[in-house]
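Hi there,

Here is the structure I promised to pass on. Have a look at it first, and then read on for what turned up.

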Amino acid sequence: MDTDFSSLSIMQLSDSFFPAGLYTMSNGLEAMHRQKMITGPTDVQNLIEMYYVQQVGPADCVALANAYDFAATKSLDEIIQIDDTIYKTKLVREQREASVRSGKQLIKCVLSLVDDSFATEYHEKILQSKTPGTYPVAFSIAAQLFGISKQDACLMLFYGFATSMVGAALRLGIIQHIQSQQIINSLKPVISDQVRKYISKSPDRIWQFLPQADILQMHHEKMEAKMFIT
């Protein structure tokens with residue numbers, strides 16, 4: 001019997017049914033739509049690409065790739081350092097809280113499926129407030145546990161970001177279902193390029209710079225009525 005379930009694990013962790021909470025995030029899209037800055041599929045695609053190039057690639061992907069390597073060698077102190085770095089690069093409170101909420105939920109769910117001493121130790125550090133538990137770092141540990149390659153884990157990070165954004169655009173009525181799939185399909189070359197560019201960067205190369213989106217997400221924090229947590 002084949003015991004390599006890594007492909008099935010990719011499907012499981014990439015599925016919006018997996019309870020990590022990504023579907024609750026619009027990453028500022030809700031605020032931008034409210035201000036009529038995002039009104040159609042082209043706007044949504046351009047926004048996702050901008051996030052990829054200015055935040056997800058140089059920050060989250062670099063954090064995930066390095067945490068993945070440290071998880072392989074059970075280097076908890078180094079993982080905690082990356083966790084702290086990526087947490088501090090997220091300038092918007094909603095972003096930080098959403099990343100931590102999803103990371104905690106992800107590692108908690110994974111530990112209900114797999115018994116692993118290293119993941120348990122990382123989870124205990126989160127519970128003791130000794131590390132924040134950001135989503136990219138928690139995801140790297142989950143990928144290691146399920147035998148998913150670093151390359152595939154990085155691709156999944158970008159794919160998950162895209163599906164959460166187009167899902168939010170759908171629920172906000174900005175795009176239709178076919179358009180959402182067209183956007184995801186069009187993003188494939190950008191995703192591939194970003195993973196190739198950042199998968200081997202060292203943790204001291206983590207950066208992000210998207211001030212206009214950060215400011216609009218800060219406006220989202222103050223909205224009285226909203227569908228999404230970011």
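A word on classes before the findings: Ala, Val, Leu, Ile, Met, Phe, Trp, Tyr, Cys and Pro count as nonpolar, Asp, Glu, Lys and Arg as charged, and the others, Gly among them, as polar. Please also keep in mind that this is a predicted model.

Let me start with the largest pocket. Its volume is about 320 Å³. A total of 19 residues line the pocket, and Ser14, Asp15, Ser16, Leu22 and Thr163 are the ones nearest its centre. By class, the lining of this pocket splits into 10 nonpolar, 7 polar and 2 charged residues. Which helices supply at least two residues each of that lining? They are H1 (6–14), H7 (135–145) and H8 (150–171). H8 gives the largest share, with 7 residues.

Next, the helix packing. Helix H3 (residues 41–72) has two partners to show you. With helix H9 (residues 177–198), the axes come within 10 Å and cross at roughly 25°. Angles under 35 degrees count as roughly parallel, so H3 runs roughly parallel to H9. The crossing of these two helices is right-handed. On the H3 side, the residues that meet H9 include Val44, Ile48, Tyr52 and Cys61, and on the H9 side they include Ile183, Leu187, Val190 and Tyr198. In this contact there are 14 nonpolar, 5 polar and 1 charged residues.

The other partner of H3 is helix H4 (residues 76–89), which packs against H3 at an angle of about 170°, with the axes 9 Å apart. H3 and H4 are therefore roughly antiparallel to each other. Here Ala59, Asp60, Ala63, Asn66, Ala67, Phe70 and Ala71 of H3 meet Glu78, Ile79, Ile82 and Ile86 of H4. That contact is made up of 8 nonpolar, 1 polar and 2 charged residues.

Helix H5 (residues 93–111) and helix H6 (residues 117–127) have axes that come within 10 Å and cross at roughly 140°. This pair is therefore oblique, and the crossing of H5 and H6 is left-handed. H5 brings Lys104, Ile107, Lys108 and Leu111 to the contact, while H6 brings Ala119, Thr120, Tyr122, His123 and Ile126. By class, the contact of H5 with H6 holds 5 nonpolar, 2 polar and 2 charged residues.

Technical notes: Residues are numbered from 1 along each chain as its sequence is written. This is a predicted model: local features need pLDDT of at least 70, side-chain atom pairs count only at pLDDT 80 or more; totals for chains, interfaces and linings use all residues. Side-chain values use heavy atoms; hydrogens and water are left out. Axes are lines fitted to C-alpha atoms, for helices over the stretch in contact, and angles run from 0 to 180 degrees between N-to-C directions. Helices (H or I, at least four residues) and strands (E, at least two) are DSSP runs, numbered from the N terminus. Angles under 35 degrees count as roughly parallel, over 145 as roughly antiparallel, 65 to 115 as roughly perpendicular and the rest as oblique. A crossing is left-handed if the near helix is turned anticlockwise from the far one by less than a right angle, and right-handed if clockwise. Contact means heavy atoms within 4.5 Å. On a 1 Å grid over the protein atoms alone, a cavity is a set of points where a 1.4 Å probe fits but cannot get out, and a pocket is an open set with protein on both sides within 12 Å along at least five of seven lines; lining residues have an atom within 4 Å of a point. Grid points are joined across faces, edges and corners, and a volume is the space filled by probe spheres set on the points.
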